[in-house]
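Here's a quick briefing to read alongside the model. Have the structure open and follow the topics in order.

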Amino acid sequence: MQISELADSVGLSRATLLYYEKLGLLKGKRQANGYRVYTDADRQRLRLMQQLQAGGLSLQECQACLDGKLDREMLGQRLAVLDAEIAEKSRSRDLLAALLGQSSLKDWHEEVERVAPDLHRAWLMSQGFSSAEAGLVALVSKDMNAHDAYMAGFMEVFSDLDWWGPGTAEVTRRALTMVPFAPETILEIGCGPGMATMTLAEASTARITATDTAEVALDKLRARIAARGLNDRIEVQNVDMAALLAPERPWDVIWSEGSAYILGVEKALADWRALLRPGGVLVFSDMVWRTDAPDDPVRAFWAAEYPAMATPATRVAQAKRAGYRVIGHFDIGPEGMETYYHPLAARLDALEPRLAGARVLDDLRREIDVFEAGRGQVGYEMFVLERG
C-alpha cells in the first residue's frame with residue numbers, strides 16, 4: 001500500500017508517517033517510480049507502536065521496545081511518572097469539584113491557612129465574606145461552600161452555653177488586678193455571651209463597650225445587662241473585630257478572652273495597639289502549647305485546627321516586637337478549661353439525636369477527645385501587656 005493508504009488505515013497523517021520514516025520507526029520500500037510502498041507488517045508495527053504510546057512511552061522508547069526486549073526498568077520509571085501525574089490530576093479534579101461545592105473544602109482550607117494565612121483571609125474576603133466571616137471560614141467551618149450550614153449548627157450548639165471559650169470569673173479578676181491603674185474605659189473584643197463583661201463591670205467602675213458579631217450571644221449579654229441594671233455602663237455593639245474604628249479618645253484597656261486567634265494574634269497585637277492610649281493595656285487569652293514534644297495525635301489535631309498556636313514564650317516575644325511591655329502572663333489552669341469543655345460535652349450529648357452525622361458535632365467531639373487525651377500538653381494563657 002502507498003503512504004496515503006497506510007496513513008488512512010492507522011488514523012495518522014502522511015506528514016507523521018514521513019517523520020516516523022526519518023526517525024527510523026518505519027521503513028517503506030521505494031519502487032522504481034519513486035513511490036514508497038508498505039506492507040501489512042508495517043501497518044501492524046504502527047498499531048503496536050500506538051498501543052505503546054497509549055502507555056505513555058515516547059517515540060524513542062517505543063522504538064526500543066519494538067526493536068528489542070522490553071526495558072522493564074524504563075517501563076517501571078515511566079509507570080512511576082504516570083502514577084504521579086495521575087495523582088496530581090486527581091488532586092486537581094478534587095479541588096475543582098470542591099470549589100464548585102461538590103465535595104468538602106476542609107483539607108484545602110486547612111492547608112492554605114497553614115502556609116498562607118493572611119492571603120487566605122484576603123482571598124476569602126474577595127469571594128464576598130466579611131473579615132469576621134473569613135476568619136470563621138478559615139478556622140471554624142473550613143468550607144466556604146458549606147459555611148452557612150456549618151455555622152447554623154455551630155450556633156445551635158453554643159446558643160445554650162454561657163462560656164464560649166475557656167475562662168472563669170476568677171481568671172478575669174486576676175488579670176484585671178494586674179492592670180496598673182483603674183481603667184475608665186474598656187473595649188471588649190469578642191465578648192460572646194458576656195461572662196467576662198459582667199465580671200469586669202462588677203470588679204471595676206469602667207465604662208465598657210462589648211463587641212462581637214454573633215447576635216445570639218449579644219442578645220444573651222443584653223439580657224444580663226438589663227437584669228443587673230448596667231445599661232448606663234455597658235454598651236453592646238455588633239462589630240467586626242477587624243473593622244474597629246479609632247475612637248475620639250483612645251481606650252484605657254482592650255480586653256479579649258479567647259478571640260484574638262480569629263484575627264491572628266500578631267495582627268491583633270498590631271491593630272489593637274493603635275486603639276490604645278500610651279500606657280494603655282491589652283489583655284488577651286490564647287490557646288498555647290505546654291510542651292515542646294506533644295503526642296502525635298495532639299500535634300496533628302492542633303496543626304490542622306490552629307496552625308499558628310505557639311508557646312507562651314513565643315507570644316511574649318511577639319508582644320515585645322509589637323511595641324508592648326509585658327506586665328505579666330499566667331496559665332488559666334484546668335478549671336478554666338473545664339468551665340468550657342464540660343458544659344460543651346453535655347450540650348453535644350443533648351443535641352446528638354438532632355445533629356447526628358453533622359460535621360460540627362464530630363469536630364467538637366474530636367476537640368474534646370484530644371483535650372482529654374492531651375491534658376497538660378495544651379492550655380490557655382492570659383497575657384497582660386502595656387502599650388509602649
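Predicted model: local features only at pLDDT ≥ 70, side-chain atom pairs only at ≥ 80, totals over all residues.

Buried means under 20% relative accessible area, exposed means over 50%, and partly exposed is in between, using a 1.4 Å probe and protein chains only. Residues are numbered from 1 along each chain as its sequence is written, and side-chain values use heavy atoms, with hydrogens and water left out.

- Seven strands make up an open sheet with mixed pairing, in the order S5-S4-S3-S6-S7-S9-S8; two strands pair if DSSP finds at least two bridges between them.
- The edges are S5 (234-238) and S8 (324-331), each of which pairs on one side only.
- Ignoring direction, neighbouring strands are turned by 15° against each other on average. Axes here are lines fitted to C-alpha atoms (for helices, over the stretch in contact), and angles run from 0 to 180 degrees between N-to-C directions.
- S3 and S4 run parallel and are joined by five bridges, with isoleucine 189 standing opposite threonine 211 in S4.
- From S3, Thr185, Leu187 and Ile189 point one way while Ile186 and Glu188 point the other way, and all are buried.
- S7 (residues 276-289) and S9 (residues 378-387) pair in the antiparallel sense over nine bridges. Leucine 282 has leucine 385 in S9 as its bridge partner.

**Helices on the sheet**

- H12 packs on the sheet by touching S4 (207-212) and S5, and the direction of H12 makes about 165° with that of S5. Contact means heavy atoms within 4.5 Å.
- H14 (residues 265-273) lies across S3 (185-189), S6 (251-257), S7, S8 and S9, running at about 165° to S7.

**Helix pair H11 and H12**

- How do H11 (residues 195-203) and H12 (residues 215-228) pack? Their axes are 10 Å apart, at an angle of about 25°.
- That makes H11 roughly parallel to H12; the cut-offs are under 35 degrees for roughly parallel, over 145 for roughly antiparallel, 65 to 115 for roughly perpendicular, and oblique for the rest.
- The H11 and H12 crossing is right-handed. A crossing is right-handed if the near helix is turned clockwise from the far one by less than a right angle, and left-handed if anticlockwise.
- H11 brings Met195, Thr197, Met198 and Glu202 to the contact, where they meet Leu221, Arg224, Ile225 and Arg228 of H12.
- The residues of this H11 and H12 contact split into four nonpolar, one polar and three charged. Nonpolar covers Ala, Val, Leu, Ile, Met, Phe, Trp, Tyr, Cys and Pro; charged covers Asp, Glu, Lys and Arg; the others, Gly among them, are polar.

**Helix H6 and its surroundings**

- The axes of H6 (residues 106-115) and H7 (residues 117-126) come within 5 Å and cross at roughly 125°, which makes H6 oblique to H7.
- Trp108, His109, Val112, Glu113, Arg114 and Val115 of H6 meet Pro117, His120, Arg121, Trp123 and Leu124 of H7. This contact divides into six nonpolar, two polar and three charged residues.
- The buried residues of H6 are Lys106, His109, Glu110, Val112 and Glu113, and they pack against H7, H8 (131-141), H15 (296-305) and H18 (359-373).
- Histidine 109 is buried, with a relative accessible area of 0%. Not counting residues up to four places away in sequence, histidine 109 touches His120, Leu124, Val137, Lys142, Asp143 and Met144.

- Serine 141 sits in H8 and is buried, at 0% relative accessible area. Leaving aside neighbours within four places in sequence, serine 141 is in contact with Leu136, His147, Tyr150, Met151 and Arg359.
- Glycine 379 is found in S9 and is buried, with a relative accessible area of 5%. Beyond residues up to four places away in sequence, glycine 379 touches Asp286, Met287, Val288, Arg290 and Met337.

Note on methods. Helix = DSSP H or I, 4+ residues; strand = E, 2+ residues; numbered from the N terminus.
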